[in-house]
Amino acid sequence: MKNIAKVFVAAAVVLGCSSTSSFAQATATASATANIITPITIALVTNMNFGNIAVSPTSGGTVVLGTGNSRTSTGGVTLPSTTGTVASASFTVSGTASFTYAITLPSSATLSDGSSHTMTMGTFTSSPSSTGTLSSGGTQTLTVGATLTVAAAQAPNSYSNATAVPVTVNYN
C-alpha cells in the first residue's frame with residue numbers, strides 16, 4: 001500500500017509541475033468622459049429679394065444677386081434706377097464657439113406669381129462659402145445669393161417662392 005500511495009503522490013507532483021496555467025492576473029481601470037456641445041442653429045434675419053427687374057419682350061436673361069446685396073444683370077434684363085428692395089438672404093448661425101460648420105445650399109428654387117408664371121433661381125452662393133467658423137462668442141452671419149433666370153416678356157407681377165429655400169448647416 002505504501003508503494004501505491006507513493007505512486008499517487010509522485011503523479012500529483014508531476015502533474016502539478018507540468019501545468020501551464022498561470023494564476024497571476026492584473027487589472028487596470030479607465031475613466032470615461034463626455035462633453036455635450038451647444039447644438040448648432042440657424043435663424044433667418046433677412047429674406048432674399050432681387051428688387052425691381054425689367055425684361056425685354058424678345059430676350060430673357062438673368063439677375064445675379066451677390067452675397068453682399070449687390071446685383072448684376074445679363075441678356076435682355078435691365079435693373080431700373082428705382083431698385084426696390086434688394087437683399088441677400090441673411091442668417092445667424094449659432095453654436096459652440098470656434099467650431100467649424102459645413103453649409104449646404106439648394107440646387108434650385110422656383111418663384112411664382114400665384115398664377116401660371118414662374119422663374120427659377122439657381123447657382124446659390126454663400127459667404128462664407130462651403131465652411132464657416134463660429135466666433136469666440138459662438139455666432140456668425142451667413143449671407144446667401146443666387147441667380148434668377150427671367151424669361152423674355154416675363155409677365156409683370158410680384159413673384160415669391162411657395163416653398164422655403166433651405167439653407168442647412170452642420171458641425172464638421
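1. M121 has L148 of β13 as its bridge partner. The strands concerned, β11 (118-127) and β13 (139-150), pair in the antiparallel sense over six bridges. Two strands count as paired if DSSP finds at least two bridges between them. Strands here are DSSP runs of E of at least two residues, and helices are runs of H or I of at least four, both numbered from the N terminus.

2. This is a predicted model, in which local features need pLDDT of at least 70 and side-chain atom pairs count only at pLDDT 80 or more, while totals for chains, interfaces and linings use all residues. Residues are numbered from 1 along each chain as its sequence is written, and side-chain values use heavy atoms, with hydrogens and water left out.

3. β4 in turn runs antiparallel to β5 (residues 71-75), joined by five bridges, and L65 faces R71 across the pair. Five residues lie between the strands of this hairpin, and N69 takes a positive phi near 70°.

4. Which strands supply the lining of the largest pocket? At least two residues each come from β1 (41-46), β2 (49-50), β8 (89-94), β11 and β13. A pocket is an open set of points on a 1 Å grid over the protein atoms alone, where a 1.4 Å probe fits, with protein on both sides within 12 Å along at least five of seven lines; lining residues have an atom within 4 Å of a point.

5. The largest pocket holds about 670 Å³ of space, the volume being the space filled by probe spheres set on grid points joined across faces, edges and corners. Of its 27 lining residues, M48, N49, F50, L111 and Y159 lie nearest the centre. The lining has 17 nonpolar, ten polar and no charged residues. Nonpolar covers Ala, Val, Leu, Ile, Met, Phe, Trp, Tyr, Cys and Pro; charged covers Asp, Glu, Lys and Arg; the others, Gly among them, are polar.

6. Of its 172 residues, 28% are buried, meaning under 20% relative accessible area with a 1.4 Å probe, protein chains only. Among contacts (heavy atoms within 4.5 Å) with a separation of 6 or more, 70% join residues 24 or more positions apart.

Notes. Buried means under 20% relative accessible area, exposed over 50%, partly exposed in between (1.4 Å probe, protein chains only).
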